[in-house]
Amino acid sequence: MSSKNDYFCPNLFRLFCGLMKKLIIISLVFLTTFNLFAQTVEKLDSLPDDSTKIIDLQEVVIEKALPQVINKFDRRVFPVSDIKKSGANTVLDLLRTLPGVVVDEDGNIRFKGATATVLVDEQPLDQVFGSVEVIPVEQIEKIELIDPAMRSGGAGRGGIINIVLKKAKIDGLSGLFSANASTLKFNKLDNYRAFANLNYKVKDWLFFVNSGYEYLSMWQQENSNISVDIDDYKSYQTKFFDGRANRRPIYNYLGAVYSPSEKTKFYITGHYLRWIFQRNITSNLSETDPVNQSVINKYLCTNSLSDKQINAGLYISYWHKIDTLDSYISIEGGYGVHSFDDISSNDYDFQYLNYQNIDSLYFNKSISTLPYKNLYIDAFYNKSISKTSRFNISYNLDGSFYDSASTRYFIFNNLSLPESQLNKNVLALHHTLSIRYGFEKGKWKIDAGVNFKLDQNRADFVRYKQNSQDTTLHVCKNYFRLLPSATIVFALNSDSEIKLSLAQTSESPYYSDLCDFVNKQNIYRWKTGNSALKIVDFYSTYIGYLLEKEKFNASFEYFFNFTNNESENLDIPVTSLIYLNRPENIATKAETGIDLSFLLLPNNNLNFQLSSSIFHTYFDLKKLMQFAQGNDLQLPQSYKRDFGYYVKFSTEYKLKTFYSTFYTTYYAKELTFEGCYNNAYLNSSLSIGNRFLNNRLAVSLGLRNFFADLFKHGSYSNSLGIVNDTQADGSNYKMLFNLSMQYKFNQGDRGTKDLQK
């Protein structure tokens with residue numbers, strides 16, 4: 001008799017149709033609500049438009065109205081008026097007013113329901129500025145919201161935000177300095193950072209330097225109750241975890257921009273980054289027999305980790321507009337040299353081992369060196385065939401190259417063994433060729449294309465066993481996919497549009513995940529790769545609705561994503577204490593959900609933003625059950641469903657030089673494939689500030705996590721016979737006090753507009 005797992009695809013189809021029916025009804029309700037609300041705020045739009053440019057010609061004042069939005073084929077362009085800029089403390093204040101863009105209390109930017117890629121003048125943000133907050137508001141001309149699905153394909157979620165600056169016209173020096181400090185108890189600084197940006201313009205050249213330093217201190221404590229039921233073995237465990245860590249990144253960028261005309265820009269940037277991470281963990285574990293309550297295993301473990309990373313490289317970019325329509329070419333590339341030096345040690349003090357009362361010490365240490373080089377090239381050509389049609393082609397190469405200096409040494413009770421080594425034949429190359437065609441017809445835009453994707457993995461791993469014998473494991477895997485996608489846009493009117501995207505995307509295994517060698521560096525958590533891993537295909541649907549008004553905007557996005565062989569890292573029990581972590585292509589799941597965002601601007605001094613993500617995940621565990629049966633593990637449930645969501649609300653108030661911002665976010669628990677989740681929690685923050693010295697100096701005070709004690713923090717998991725219930729506490733859940741300052745030297749902009757010739 002067939003199990004209902006055998007009917008996963010029909011059941012999934014019926015589930016999808018049912019969800020679509022419900023979501024269509026919800027969509028109609030939301031669309032109706034949007035339009036009713038838009039009519040309500042229509043009176044605000046009838047007020048005199050404040051989006052003006054004021055040009056002083058002797059004693060004549062000319063007011064030139066800026067368009068609210070300019071629609072181009074793959075983007076929406078939002079000109080930024082002087083009045084909007086005068087009310088913005090940072091560029092984040094401008095971004096949060098755009099439809100579909102959500103900014104949280106950490107400065108993270110989301111667009112169309114996913115993390116946004118931020119560019120400045122078509123260049124990566126980190127190559128031009130060290131942080132999005134320090135982009136000079138006064139020099140912003142417009143902001144473009146770009147749909148990458150209509151540029152080079154993709155699943156439809158997320159997008160590109162391109163911040164276009166005015167062309168610098170006056171030679172001179174300008175700069176910006178900022179500092180931020182946070183504390184938990186006022187007895188020390190737990191986090192702080194400093195940043196400096198200097199710019200010097202001479203004729204068509206602009207030279208810039210960005211330097212920054214950060215220090216972040218963290219701590220976490222956990223109490224876990226663990227129930228074990230594997231292979232007729234039952235036990236009960238209690239574990240206490242205490243971890244302390246700090247992170248210290250330093251980054252420096254030195255570059256130049258050459259702009260002989262509005263049609264041509266050339267960038268060259270060199271960078272040097274150093275990242276230091278240190279961590280110390282103490283954990284106590286006690287395992288008892290649930291029948292006679294006798295102690296089975298008991299130990300104290302001390303772990304220390306020191307990680308140092310260095311990254312130096314060069315970035316070059318060329319952009320040129322070809323004609324008066326929208327034909328242009330862009331070529332960019334980068335070359336970097338990376339170095340990872342890692343030292344990890346574990347000290348175990350055993351009191352009980354397999355029911356025996358003992359006094360035994362165990363020590364191991366791992367020393368790793370991993371230098372490698374990275375090369376990437378991205379070329380894009382957009383040809384406007386006419387005013388209503390265009391063709392584009394792009395190519396992307398991303399490659400990593402390793403050498404024989406990549407070595408890991410394993411020290412066991414003072415005996416040093418070279419555990420693993422890579423030879424010179426190691427590379428990971430990723431090629432993507434995209435070809436697309438699009439056209440406009442009345443209120444319709446249609447774009448379609450295909451991506452040709454080739455991923456290459458080649459490596460020879462030399463592994464040394466404890467008996468001094470060595471073996472070479474060869475990895476040579478190539479993955480090719482032809483990935484179609486299409487986007488259809490219908491403009492309801494000048495203020496709103498509906499967008500549909502359909503796409504197939506894929507992810508291939510990383511070369512290190514293909515090595516079958518079992519690494520037993522951690523005596524209780526072994527790790528291995530899996531040479532049988534396959535490429536993962538995703539099938540995605542995206543439906544979006546966008547409404548843009550002068551005083552109100554809203555966006556609605558529905559997404560559906562399905563895959564039947566996603567790779568999951570399973571913790572496979574070997575004994576009651578030892579786990580083997582190995583990736584397997586067994587995750588079959590369907591995800592569907594809705595992303596919503598609303599923004600209301602009653603006036604230029606006040607705004608309210610509300611956003612939410614509602615998602616439903618459907619897991620079919622047929623492959624996991626087969627895996628569990630083949631390994632004599634406890635069978636999971638046949639199906640798992642998860643309904644989760646989060647809600648974010650923010651409001652900002654500005655009056656002359658004073659400004660204040662309030663954020664609050666609620667995260668519901670979200671289930672994973674193995675039945676794990678973190679408890680629901682609430683984040684909140686408040687900041688107030690003022691600007692001094694003709695707006696050159698901005699000072700703000702902030703308070704974060706002041707609702708943190710309303711919820712218990714922790715996690716729960718139930719996987720393959722191991723049930724773990726953990727309660728947690730840490731610095732991320734404590735009230736944090738913050739002070740930040742920012743000073744603009746000569747307005748801090750690259751145009752240095754206040755300098756005289």
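**Note on strands, cores and a cavity in a predicted model**

1. In β14, F207 is the bridge partner of Y200. The two strands concerned, β13 (residues 191-202) and β14 (residues 205-230), pair in the antiparallel sense over 12 bridges. Strands here are DSSP runs of E with at least two residues, helices are runs of H or I with at least four residues, and both are numbered from the N terminus. Two strands count as paired if DSSP finds at least two bridges between them. β13 and β14 form a hairpin with 2 residues between them, and K203 in that turn has a positive phi of about 55 degrees.

2. This is a predicted model, in which local features need pLDDT of at least 70 and side-chain atom pairs count only at pLDDT 80 or more, while totals for chains, interfaces and linings use all residues. Residues are numbered from 1 along each chain as its sequence is written, and side-chain values use heavy atoms, with hydrogens and water left out.

3. With β15 (residues 233-261), β14 pairs in the antiparallel sense over 24 bridges, and L216 stands opposite R247 in β15. β14 and β15 also form a hairpin with 2 residues between them, where D231 in the turn has a positive phi of about 50 degrees. β14 and β38 (residues 722-730) run antiparallel and are joined by 9 bridges; the partner of N223 in β38 is Q727.

4. Strands of a sheet pair through backbone hydrogen bonds, either parallel or antiparallel. An open sheet of 6 strands, ordered β3-β4-β10-β11-β8-β9, has mixed pairing. β3 (70-71) and β9 (123-124) stand at its edges with a single partner strand each, so one side of each has no neighbour in the sheet. Within this sheet, β8 (residues 117-120) and β11 (residues 160-165) pair in the parallel sense over 4 bridges, with L119 opposite N162 in β11.

5. Another open sheet has 3 strands in the order β5-β6-β7, with antiparallel pairing. Its edge strands are β5 (101-103) and β7 (114-115), each pairing on one side only. β6 (residues 109-111) and β7 share 2 bridges in the antiparallel sense, and A114 in β7 is the bridge partner of F111.

6. A nonpolar core is a set of buried Ala, Val, Leu, Ile, Met, Phe, Trp, Tyr and Cys residues joined through side-chain atoms within 4.5 Å; buried means under 20% relative accessible area with a 1.4 Å probe, protein chains only. In the largest nonpolar core, of 39 residues, L95, V101, I109, V132, I135, I140 and I161 touch the most other members. Helix α4 (residues 91-95) gives the largest share of this core, 4 residues. A second, separate core of 17 residues includes C301, Y348, Y524 and I586.

7. Which residues does V101 touch, not counting residues up to four places away in sequence? V101 touches L95, R96, I109, R110, F111, L145, I161 and Q609, where contact means heavy atoms within 4.5 Å.

8. The lining of the second largest cavity draws two or more residues from each of β4 (75-79), β10 (140-146), β26 (496-507), β28 (536-548) and β29 (552-573). The largest share, 4 residues, comes from β28.

Definitions and conventions. Buried < 20%, exposed > 50% of the residue type's maximum accessible area, 1.4 Å probe, protein only.
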